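I opened the notebook to record what I looked up in this structure, entry by entry.

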Amino acid sequence: LKQYREAELKHGRLAMLAAAGWPMSELLQPMISQFLKQPDLLTRGGEAPSILNGGLDQIPPFFFLAIIVFSGTVESVALKTRAIEVDYVPGDLGFDPLSLYTGKSEATKRDLQLKELNNGRLAMLAITFYAVSEFINKAAVVNATPFLFKSIL
């Protein structure tokens, strides 16, 4: 079961990054590309590139290669850690630069683990909603739900 827990944590962490990054890319990418004098990588409708929206052909192949190398490096660290440690905790790669987890009581650690797991599950649903919403509505998530994303800007 530890392998399933680790897989769910990894997918949840990626989904949490994507749930924040998807709308941020739609909001900030046009301004950043104009500032850097680079082409706008959003689709014609202003959506983030995805399999359903298209636009992935505009992303440089080096980006995908870098993602594969980074993911492979993180996976190899996790495999080595899991092989060495007997009492390995799924998802614990020993990376805690803000010391949010180290030195806490077992009850607090368990609470933080459950919060991360639940937030990861919610983020996986959010990413699915983003992709399906943009495919069906043919509009960027930030434009389809401005009350969520444009109220603070």
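The entries below follow that order, after a note on the source.

**Source.** I am working with a predicted model, in which local features need pLDDT of at least 70 and side-chain atom pairs count only at pLDDT 80 or more, while totals for chains, interfaces and linings use all residues. Residues are numbered from 1 along each chain as its sequence is written, and side-chain values use heavy atoms, with hydrogens and water left out.

**Entry 1, nonpolar patch.** I looked up which residues form a nonpolar patch on the surface, and found I51, L52, L56, F63, F64, I67, V132, F135 and I136, with about 850 Å² of accessible area together. For the patch I used residues with over 30% relative accessible area and no salt bridge, joining nonpolar side chains (Val, Leu, Ile, Met, Phe, Trp, Tyr) within 5 Å, and like charges within 9 Å. The areas come from the Shrake-Rupley method with a 1.4 Å probe, and for residues only the protein chains shown count as cover. Two helices, α2 (61–84) and α3 (106–137), each supply at least two residues of the patch; helices here are DSSP runs (H or I, at least four residues), as strands are (E, at least two), numbered from the N terminus.

The charged end of K138 sits over the ring of F135, 4.4 Å from its centre; the criterion is NZ of Lys or CZ of Arg within 6 Å of the ring centre and within 35 degrees of the ring normal.

How many aromatic pairs does the structure hold? I found 2, counting rings of Phe, Tyr and Trp (its six-membered ring) whose centres lie within 6.5 Å, with planes under 30 degrees apart called stacked, over 60 edge-to-face and the rest tilted. The rings of W22 and Y130 have centres 5.8 Å apart and planes at 55°, so I noted this pair as tilted. Because W22 lies in helix α1 (residues 2–35) and Y130 in helix α3, the pair ties together parts that are 108 residues apart in sequence. Both W22 and Y130 are buried.

F63 and F64 form an edge-to-face aromatic pair, 5.6 Å centre to centre with 70° between the planes. F63 is partly exposed at a relative accessible area of 44%, and F64 also counts as partly exposed, at 35%.

A search of the whole structure gave me 5 salt bridges, each being a side-chain nitrogen of Lys or Arg within 4 Å of a carboxyl oxygen of Asp or Glu. One of them joins the side chains of E6 and K10 (3.7 Å, N to O), which both lie in helix α1, 4 residues apart, about one turn of the helix. E6 is buried, with a relative accessible area of 3%, whereas K10 is partly exposed at 23%. I also noted that E6, K10 and E75 are linked in a network of salt bridges.

The side chains of E116 and R13 meet in a salt bridge at 2.5 Å, N to O. This pair links distant parts of the chain, with E116 in helix α3 and R13 in helix α1, 103 residues apart. E116 is partly exposed at 24% relative accessible area, and R13 counts as partly exposed at 28%.

K115 and D111 are bridged through their side chains at 3.2 Å, N to O. Because they are 4 residues apart in helix α3, about one helical turn separates K115 and D111. K115 counts as partly exposed at 45% relative accessibility, as does D111 at 36%.

H11 has its place in helix α1, and its side chain reaches the backbone oxygen of A7 at 2.6 Å. S50 is in the loop between α1 and α2 and is buried, with a relative accessible area of 11%; the side chain of S50 reaches the backbone nitrogen of N53 at 3.2 Å.

How values were computed
Buried < 20%, exposed > 50% of the residue type's maximum accessible area, 1.4 Å probe, protein only. Polar contact = N/O pair within 3.5 Å; in protein donor to acceptor, adjacent residues only side chain to side chain.
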